[in-house]
Structures are given as structure tokens and as C-alpha cells.
Amino acid sequence: MNNPDAGAQQLAAANSIPGNLVSAQGLDLEQFESLQTPVHAWTTEGGAGVKFVEARGLPIVDIILRFKAGTAQDTVQPGLAALTLYMLDEGSQHFTATEQADQLERLGAIVDKQVRLEHATLSLRSLSASALLEPALELLIDLVACPTFPPSALENMKQQLILNNATRERQPSFRMISEAYRHLFHSHPYGNPLGSTREGIEGIAPADLKRFHQRGYCASNLEMVVVGDLSLAHAQAISQRISQALPQGWSATELPIVPPATRATINVEQSGTSSAVLLALPMNVPANDPEYPALVLASEVLGAGIESRLMRELRQRRGLTYGIATDVKPMSAGGLFTITWEIAPMYVESSARLVEAVLSDFIEQGPTQAELQLARIKLAGQLLRAVAQNESMAALLTVITDQRQPADHLDTYVERLRALTPADVCAVMRRRLHLAEEKVLVSVGPSADQQPLPDLDQ
């Protein structure tokens, strides 16, 4: 299944330049200049880590606050982390929820929030003019540091969260991930991907939210990113103001290592016209591990985009699916290498065997040089696009801070990718991905008599 000619053809296509673009002839698309992105880093007096990039191109400031206050921190009362975050903009010591929303709209500022397994994140996007940024910043600080958690709003939020959870569980794409996490991370905080249960939600009182907030939203439990149209001194002053306003003196404990994985095949009966399928392998490789970039490249070659191996095999050659994708999911206590696709219910088992065969062949033989070159070009292009805009730059800095990447990560990432050979990638996959022993296959969809894949000439 290893097809060097296909990879070479794709690379040639990527490097081809239309003949009428004379100025582009001879351009080597793999020669990217170093980014040279100055990232300033410091720690506030309260213990919050901060990263700042000065970007003067647009009069905009992006601030991201990421607390280690995700759902993995609330296993005793599942739902406490989510409700705490969602209740932050339901009223504070100075403003009602309506007043907060009205003032943000008047200022043209945007506050967003989301909770995940490991983190609770708030972001502010504001114009940089002092008359707009200062009051927007005060609203953000008031919202995150001084919530009141009114009981009437809490009861409404509980019902919304219960309904949202039920909706997510009915989505095949989410249900298959949930089942994989419940199996692979049993007895671990990662084992509840919803982050809450109905019983946990119903038992939470305002006093519980206040206690969780005093711990989870401490300055010492915060990583902050600031990107935009302001000076280093101004960014330092902003970070200090936020840090001083927050509770002090608590930090989240490190999560336990995930339990050993065991093989499993899980079929969930659910009505529909197609089945969602997930193949997951444990990947206990943190994102700052020297071997992690090889797994990123492997994922790019195997299942990222129309020219990837799995897309060629399942879509282009056989017309079995609209899309199939791989992903590497690093987490602080573990991680997963996943492949996901949709398929006609009658082909769940036969398509899974085909995907497993392609993956097994890829682990044993690795990528071709042409495939690796194309993957590097795509990843370098993604990085260049990410640093070109303030908002995406802030998001990227937040991720690499969470991953504990080195200070020069942005400037050296492409070079580290370029240094990897096909043999390097193959060796890492063989060491880290154990298909025979640890494969978890999950399908969600209607039952159907299973059939072999149609012949290629049909």
C-alpha cells in the first residue's frame, strides 16, 4: 500500500507554478524564512505566567486567560467546573448580567469562554484605543474575579447544561469519542468527556461555585497571553492588574498518569443513515517531547487533506466516504492518535479492516520522502497563517504555553520538522503506536448486515 509515485505526484503538483506567473518560476515552496517572532515572557507577582507579542498592524488587543480549572478538576461534583465558568457572566459585584452584556456591546468588545477537560478559558478582543480598551478590561476583570453566582441564574444554567449534554450525546461524532474516552480512561479524570453528569449538576449550590472559583481561578493557576497593539510596558501593567484582582495562593495538582490501555470494539446502536467510526490508539507522548513532531508529520501524511493516504484509499479509489481524518491529541497525562470517518452502515467492519491495514502498513514502512516534504510544506503554511493574525497568534501562544514548549518554539518549529527523515518518523510510530495490543474501535449508527467492500471496478 506504500505508493511512492503517488506522493511524488502530489509534491510535484504542490510545487508547480502556472506558466504565466513568470516572477514565481523557480520558487522553492519548502524554503520558509525563520519567523523571528519576539515573544516576551514573565511571571506576575501573583504567580500568573504571561506571554506577550507586540503586533502593531491593527488597532486590536487580544487577551486570553487560561486557568487549570477544567472538568478533570471536579470529579467529586461532575459539572462544577463547567457551571463555574458559564456563571461568570451572570452577574458580578458591580454589574448585572444584562449590564455586562450591554457595556461590552457598546464598546465593541467580545468576551468568549469555553471549558475543556484540563482548562477553563476566557478571552477578550477589544480595540486598542484607551477609551475602549480600559473599560473593556475592567469588565473582564470584574467578570472573572468578582462573580456573585446568583441562585436563580444557576438553576437556569443547570437546565441548559443538562439539555446541552443530552444533545451532544445524541451526536454520533461526539458519542464515539465519548465511548473511546470512557474505555481508555476508565477510573481517570479524563474518563468523562462531557465533564458533567446529571446527578453532579443537580447537586451543585452557589456555595460550591464560590469555593471552586476561589481555587481554580487563582492567579497562580493562570497562564495569560496578550497579543496586539500595545507596548511591553502596557502589557505588563495589564497582566499585573488582572493577576492582582484574582484570588491568590492555589494551584491545580498534576493529573495522574492514565491507566494501561486494553483492546476493545464498541458498537453503539443509533438511528441514522450512516455510521460514525473511530479508531483510537493511546499515545503517551507529551507535545514537548522530541518525538512528538514525528507523530504530527505522520498524522499529516496519513489523514490530513484530500491527498493523504487514507483519503486516496477510501474516497478517491473506492468512493466509500466523503472524508476521513487523523489527529494527534496530546494531553498532560496521556494522549491519543485517532482516525475518524463516516461510512454506510453495511461497510463498518470492512472499512475498519481496510483502515487498519493502511495504518499497519504505514507504521511498518513509514512515509516516503515526497510525502514528508508535502506534509512539511502544509504544516509550515499553517504556522505562517496562524502568526499572521492577532487572534490566531494569541490562540497559538496559548496552546504552546499549555504544551510547555520551549521559548524558541515558533522560530524553530519548521526547522525541527525539516530535520526529520522518513526513517525517523517510522521509528517513532513503531515505538509509540501499538495497533495489535491497544486498538480501540468505536462505531455509532444503525445496525446492518455487514458486507465486504465493493470491488474497485464497480
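**Note on the predicted model**

At 53% relative accessibility, Ile110 counts as exposed, where exposed means over 50% relative accessible area, buried under 20%, and partly exposed in between (1.4 Å probe, protein chains only). This is a predicted model, in which local features need pLDDT of at least 70 and side-chain atom pairs count only at pLDDT 80 or more, while totals for chains, interfaces and linings use all residues. Residues are numbered from 1 along each chain as its sequence is written, and side-chain values use heavy atoms, with hydrogens and water left out.

1. **Ile110.** Ile110 belongs to strand E4 (residues 110-115). Helices (H or I, at least four residues) and strands (E, at least two) are DSSP runs, numbered from the N terminus. Leaving aside its neighbours within four places in sequence, Ile110 is in contact with Ser123, Leu124 and Arg125, contact being heavy atoms within 4.5 Å. Ala388 is 278 residues from Ile110 in sequence, and their C-alpha atoms are 20 Å apart in space.

2. **The sheet.** Five strands form an open sheet in the order E7-E11-E8-E10-E9, with mixed pairing; two strands pair if DSSP finds at least two bridges between them. Strand E7 (264-269) and strand E9 (324-331) stand at the edges, each with a single partner strand, so one side of each is left without a neighbour in the sheet. From one strand to the next, the twist averages 15 degrees.

3. E9 and strand E10 (residues 334-343) run antiparallel and are joined by eight bridges. Ile324 has Trp341 in E10 as its bridge partner. Helix H10 (residues 292-303) packs on the sheet, touching E9 and E10, and its direction makes about 165 degrees with that of E9. Helix H11 (residues 309-316) also packs on the sheet and touches E9 and E10, at about 145 degrees to the direction of E9. For these angles, axes are lines fitted to C-alpha atoms, for helices over the stretch in contact, and angles run from 0 to 180 degrees between N-to-C directions.

4. **Positive phi in loops.** Most residues other than glycine have a negative phi. Phe149, not a glycine, has a positive phi of about 50 degrees. Phe149 sits in the loop between helix H4 (130-145) and helix H5 (151-170) and counts as buried at 2% relative accessibility. Ser187 has a positive phi near 60 degrees and lies in the loop between helix H6 (172-184) and helix H7 (198-202). Ser187 is exposed, with a relative accessible area of 75%.

5. **Helix H12.** At 1.5 Å a residue, the 18 residues of helix H12 (residues 348-365) should span 26 Å, the expected span being 1.5 Å times one less than the number of residues. The end C-alpha atoms of H12 are 26 Å apart, which agrees. Buried residues of H12 include Val348, Leu354, Val358 and Phe362. After H12 comes Gly366, with a positive phi near 75 degrees.

6. **Cysteines.** What is the count of disulfides? The count is zero, a disulfide being taken as a pair of cysteine sulfur atoms within 2.5 Å. For Cys146, which is in no disulfide, the nearest cysteine sulfur is that of Cys218, 13 Å away. Cys146 counts as buried at 17% relative accessibility, and Cys426 counts as buried at 8%.
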